[in-house]
Amino acid sequence: MIQIFSPIQPINFQSLTQVFVKRDDLIDTYISGNKWRKLKYMIKEVTSSQKKHLVTFGGAYSNHLLATAALAARAKLKSTAFVRGENVNNEMLMLCKLFGMQLIFTARDAYKDKEKLFKNHFGNDSGAYFIDEGGASELAVKGCAEIITELPQSYDHIFCAAGTGTTAAGLLKGINQQKIESKLNVIPVLNGGQFIENEISKYQSDLTQLTIHTDYHFGGYAKTTPELLQFIKSFVSETGLLIDPVYTAKMFYAIYDLSSKNYFKKNDKILAIHTGGLFGILGMKDKFNGILV
Ligand SMILES: *Cc1c(COP(=O)(O)O)cnc(C)c1O
């Protein structure tokens, strides 16, 4: 058994007093948050088989690529990533390469057919193991469901940010399995986030405790507004908890905005899942010009 450190801590910000955060960001610096949860059972499957090479997919600032690269290095496995778009270099990809990951930059059209890319490049490599973009899979859902088994008490609301919706599916699975009453509030970070419901329903059929809040994407994936950046500045400086503009800031913004709209009952206990991924903030550093003075 691997021991992980993911405590639950209270947050004192604005007037909301019953907000807690599960610090999955503390599980590991590089294999952080939900990426660790998602890879947990895949890496078990890999190490108990003849597989020696993790092959995965992501954008140029993907937290999943960094997590996969670091995990592969520790497990003495090879790693390769198909990176969406033209050849670039940035802080995230630099770290991936440092962990030994091979990067194959792939035009957006070709990138869409991941199975084909895998087959064309690694069809003859019997040691290659396919990991979907963001780590999405049934095993990832299983890993994320364990978050719920670690909760020492009940919460009226549980919040998470969603990209593919795999983490949300896992949380809902955990909620349904443990038969707890919590409502799962999901904040899609992409525009048109209602599709997340469909993604979640691939893994979980009972959606009664699910609510998707689609108005907190701030323009779309990796898009921000001065208002969101200002929120990050206030939140981080007043709580000491670092959040990132791509995922966790949108979730926390939603919690405080919903509160101002009287979404919660007076004594509701709220749990936010800090899904980690803090290196993503490096891709946004120029956006903070003018905010951080
Ligand atoms: C990848 C990521 C998510 C999105 O998780 P999904 O399971 O794809 O919905 C949320 N938060 C952080 C910090 C991430 O890195």
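By class, the lining of the largest pocket in this predicted model comprises 18 polar, 16 nonpolar and twelve charged residues. The lining is formed by 46 residues in total, and the volume of the pocket is about 1,000 Å³. Nearest to the centre of the pocket lie Gly-59, Arg-84, Glu-133, Tyr-221 and Tyr-247.

Several secondary-structure elements contribute to this lining. At least two lining residues each are supplied by the helices α1 (33-47), α2 (63-74), α7 (166-178) and α8 (195-201). The strands β3 (53-58) and β7 (157-162) likewise each provide at least two residues of the lining.

Attention then turns to strand β2, which spans residues 16-22. Of its seven residues, five are buried, that is, under 20% relative accessible area; strand β2 is therefore largely enclosed by the rest of the structure.

Strand β2 pairs with strand β1 (residues 8-13) in the antiparallel sense, over five bridges. Within this arrangement, Phe-13 is positioned opposite Leu-16 of β2. The two strands form a hairpin in which two residues separate β1 from β2. In the turn, Gln-14 adopts a positive phi of about 50 degrees.

Strand β2 also pairs with strand β10 (residues 270-273), here in the parallel sense and over four bridges. In this pairing, Ile-273 in β10 is the bridge partner of Lys-22.

How values were computed: Residues are numbered from 1 along each chain as its sequence is written. This is a predicted model: local features need pLDDT of at least 70, side-chain atom pairs count only at pLDDT 80 or more; totals for chains, interfaces and linings use all residues. Side-chain values use heavy atoms; hydrogens and water are left out. On a 1 Å grid over the protein atoms alone, a cavity is a set of points where a 1.4 Å probe fits but cannot get out, and a pocket is an open set with protein on both sides within 12 Å along at least five of seven lines; lining residues have an atom within 4 Å of a point. Grid points are joined across faces, edges and corners, and a volume is the space filled by probe spheres set on the points. Ala, Val, Leu, Ile, Met, Phe, Trp, Tyr, Cys and Pro count as nonpolar, Asp, Glu, Lys and Arg as charged, and the others, Gly among them, as polar. Buried means under 20% relative accessible area, exposed over 50%, partly exposed in between (1.4 Å probe, protein chains only). Two strands pair if DSSP finds at least two bridges between them.
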